[in-house]
Amino acid sequence: GSNILEYLRHLKCKTLVIENEYIDYDYLSEFGAFYSKAFKNYSNKCKRLHFFFGDRVLTVDDLYVPEISTESRLQNIYIGYVIVRPLDTINVIGRTILSPSTEDDGGTFCLCKSYFPVNLVGKELSVLGFPFLQQDANVGACATAALWMLTRALSARFHRQAYTTVEITKSATRYDVS
């Protein structure tokens, strides 16, 4: 969480747009596999946070202007998004795609990145980046999160099926190798 905030400051993020009650396919699979059966009421809806940089803070009017030029203007300042899962753990960061920094920051760079489509208030945007998600120990291991990130990036680049963390965990535990 705090690393994401530092990174957004580095990218000079000016505007945060929050989608409340966002239905995220990845979290919905986790919800169906575990949280819907837990002895606590978890929501099946997440929040999706969108980030923009620029000279000024965007207004509601900036988002809802119907002209096509608005869509390309928003695309030019779009940084990406973070899904916040409705959990009571510290691992609430779900599917996240943020643009890599274009500044030379001492040799750090992202080689494996893909374009991911985003629909925000009817505007078709995209973000070029590498997917990230925090491990949710209730539905998988750290290897599950790592495999999810790699397969999600490759599936976007090569237009193949993307797998959820639940599907990855089920595949990994399908056979007994002892």
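Contact, as the word is used here, means heavy atoms within 4.5 Å. The structure is a predicted model, in which local features need pLDDT of at least 70 and side-chain atom pairs count only at pLDDT 80 or more, while totals for chains, interfaces and linings use all residues. Residues are numbered from 1 along each chain as its sequence is written, and side-chain values use heavy atoms, with hydrogens and water left out.

The chain contains six helices and six strands; these are DSSP runs numbered from the N terminus, helices being H or I with at least four residues and strands E with at least two. Along the sequence their order is α-β-α-β-α-α-β-β-β-β-α-α. Of the 178 residues, 38% are buried, where buried means under 20% relative accessible area, exposed over 50% and partly exposed in between, for a 1.4 Å probe and protein chains only. Among contacts between residues at least 6 apart in sequence, 67% join residues at least 24 apart.

From H5 the contact draws on Thr 144, Leu 147, Trp 148 and Thr 151, and from H6 on Thr 165, Ile 168 and Thr 169. Classified by residue type, this contact has three nonpolar, four polar and no charged residues; Ala, Val, Leu, Ile, Met, Phe, Trp, Tyr, Cys and Pro count as nonpolar, Asp, Glu, Lys and Arg as charged, and the others, Gly among them, as polar.

The loop between H5 and H6 holds Thr 164, which counts as buried because its relative accessible area is 2%. Leaving aside neighbours within four places in sequence, Thr 164 is in contact with Tyr 25, Asp 26, Ser 29, Trp 148 and Arg 152. The side chains of Thr 164 and Ser 29 are joined by a polar contact of 3.5 Å, that is, a pair of N or O atoms within 3.5 Å; within protein, one must be able to donate a hydrogen and the other to accept it, and residues adjacent in sequence count only if both atoms are side-chain atoms. Thr 164 also lies 9.4 Å from Leu 28, C-alpha to C-alpha, although the two are 136 residues apart in sequence.

Helix H2 (residues 25–33) has Asp 26, Tyr 27, Ser 29, Glu 30 and Phe 31 as its buried residues. Their cover includes strand S2 (46–53), strand S4 (93–98), H5 and H6. Arg 152, in helix H5, is buried because its relative accessibility is 12%. Its side chain makes a polar contact of 2.9 Å with the side chain of Asp 26. Beyond neighbours within four places in sequence, the contacts of Arg 152 include Arg 95, Phe 116 and Tyr 163.

Two loop residues concern the backbone. Most residues other than glycine have a negative phi. Lys 12, however, has a positive phi of about 60°; Lys 12 sits in the loop between helix H1 (2–10) and strand S1 (13–22) and is exposed at 54%. Val 121 has a positive phi near 45°, and its place is the loop between strand S5 (114–120) and strand S6 (123–132).
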